[in-house]
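These are my notebook entries on a structure that I have not examined before. I begin by placing the sequence and the model on the page.

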Amino acid sequence: IKEGNVADLSAGIGNMVIPFIKEYGKLKDNITFDLYEYDENTSIALGKAWEDYEQINVYGSVDTLKEDINEKYDFILANPPFKLKTDYKASWNVDKKGKVKKGLNIMEAFIDKIMLSLKPGGVAAMIVSSGFSSNGNATAKCREWLKKNYNLKLAMQLDSETFEAAGLAGTGVTTLLLIIEKNKTIDNKTIYAEIERDDDFLQQLNSIAYHYRLVQKQHYIKYMSTTN
C-alpha cells in the first residue's frame, strides 16, 4: 500500500496498523487509516493508543455490521472474529421473500460488509479461519458469492505461529489469508501459497509479494522452485 485510504472494520487495539509505522506519530507513505471498533472498553484503549497519529482516525463503539459506513475505501485489512453468530443480512443470506436467515457466522458477515465498503477496484486482505475454503455447505454460499463477483488474488495458509513471527498479537490457530479485489475479470490470476515454518519468514513474504506483482503483469514467466 503506497497511498490511499485504508480501514479495519473490527480493529481491536489496532494491530493492523503496526506494519505501517514509519516513526512515532507517523505512518509510511501517503495513507490515511480508519479504525472501527465495537467494544466500548477496547475502543477507549484503541483511541489512546493512536491519539498521536494524525493519519489515523478512530471510530469507537461502532457496530460496523449494523451501522452504515459512508466512506468507501481503497484497502480494507481485517482479522474478524470467527465463531460468533449474527442476524446480519448478507448479500447471499436471504430467502426468496427477502427475509434474513438467522445464525450467520460473524466472519461471513464481515466478509460481506468489507466487500461492500470497498471502492470499485479496491482490495481487501482478510484473515479467515482455515476451514472457510473447505467447510462444505457451511460457507458454500459465501464462497460462491465471492467467486461470482470478485477476483481472488491470493490465498495463503498461515500456521499458529505466523503472527508471532511478524511481531503481532493474533490468533493461535491455523488461518488463511485472502486477498480479494473488488472487480471481476475472466483472466484473473490467483496465487496459492503456504508459509514454511523452517524458512525465513520475511524472505518468504517478500518472495510471495514479488511473485504476486509479477503475475499481475500482462507477460510473465511461470516457474517452480524448491527454494522459493
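How are H2 and H3 oriented to each other? I looked up the pair and found that H2 and H3 are roughly parallel to each other, a term used for angles under 35 degrees, with over 145 counted as roughly antiparallel, 65 to 115 as roughly perpendicular and the rest as oblique.

**Entry 1: Basis of the entries.** I note that this is a predicted model, in which local features need pLDDT of at least 70, side-chain atom pairs count only at pLDDT 80 or more, and totals for chains, interfaces and linings use all residues. Residues are numbered from 1 along each chain as its sequence is written, and side-chain values use heavy atoms, with hydrogens and water left out.

**Entry 2: The chain as a whole.** I recorded five helices and twelve strands in the chain. Helices (H or I, at least four residues) and strands (E, at least two) are DSSP runs, numbered from the N terminus. Of the 228 residues, 42% count as buried. Buried means under 20% relative accessible area, exposed over 50%, and partly exposed in between, with a 1.4 Å probe and protein chains only. I then turned to contacts, meaning heavy atoms within 4.5 Å. Among those between residues at least 6 apart in sequence, 68% join residues at least 24 apart.

**Entry 3: H2 against H3.** Two packed helices are described by the angle between their axes and the distance between the axes. For helix H2 (residues 106-116) and helix H3 (residues 140-149), I noted an angle of about 20° and axes 10 Å apart. The axes are lines fitted to C-alpha atoms, for helices over the stretch in contact, and angles run from 0 to 180 degrees between N-to-C directions. H2 passes H3 in a left-handed crossing; this means that the near helix is turned anticlockwise from the far one by less than a right angle, whereas clockwise would be right-handed. On the H2 side I listed Glu-108, Ile-111, Asp-112 and Met-115, which meet Cys-142, Trp-145 and Leu-146 in H3.

Entry 4: I next asked how many residues of H2 are buried. Ten of its eleven residues are buried, and H2 is mostly covered. The cover of these buried residues includes strand S6 (73-78), strand S7 (85-86), strand S8 (104-105), S9, H3 and strand S11 (175-181).

Lys-113 is one of the buried residues of H2, and I looked at it separately. Its relative accessibility is 10%, so Lys-113 counts as buried. Beyond its neighbours within four places in sequence, Lys-113 is in contact with Leu-9, Thr-64, Leu-65, Glu-67, Ile-69 and Tyr-88. Thr-64 is 49 residues from Lys-113 in sequence, yet their C-alpha atoms are 7.9 Å apart.

Entry 5: I found Leu-104 in strand S8, buried with a relative accessible area of 7%. Not counting residues up to four places away in sequence, Leu-104 touches several residues, including Lys-85, Tyr-88, Trp-92 and Ala-109.

Ser-129 is in strand S9 (residues 118-129) and, at 19% relative accessibility, counts as buried. With residues up to four places away in sequence set aside, Ser-129 touches Phe-82, Met-107 and Leu-176.

Entry 6: I placed Gly-25 in the loop between strand S2 (21-23) and strand S3 (26-27). At 17% relative accessibility, Gly-25 counts as buried. Apart from neighbours within four places in sequence, its contacts are Asp-52, Tyr-53 and Glu-54.

Most residues other than glycine have a negative phi. Asp-29, however, has a positive phi near 60°; Asp-29 sits in the loop between S3 and strand S4 (30-36) and is partly exposed at 40%. Ser-61 also has a positive phi, of about 55°. Ser-61 lies in the loop between strand S5 (56-59) and S6 and is partly exposed, with a relative accessible area of 41%.

**Entry 7: Helix H5.** I checked the length of helix H5 (residues 201-215): at 1.5 Å a residue its 15 residues should span 21 Å, and its end C-alpha atoms are 21 Å apart, which agrees. The expected span is 1.5 Å times one less than the number of residues. Which residues of H5 are buried? I listed Phe-201, Gln-204, Ile-208 and Val-215. Seen down the axis, the buried residues fall within an arc of 70°, so they line one face of H5; the arc is that of the directions from the helix axis to the C-beta atoms. The face turned away from the buried side carries the exposed residues Leu-202, Gln-203, Asn-206 and Arg-213.
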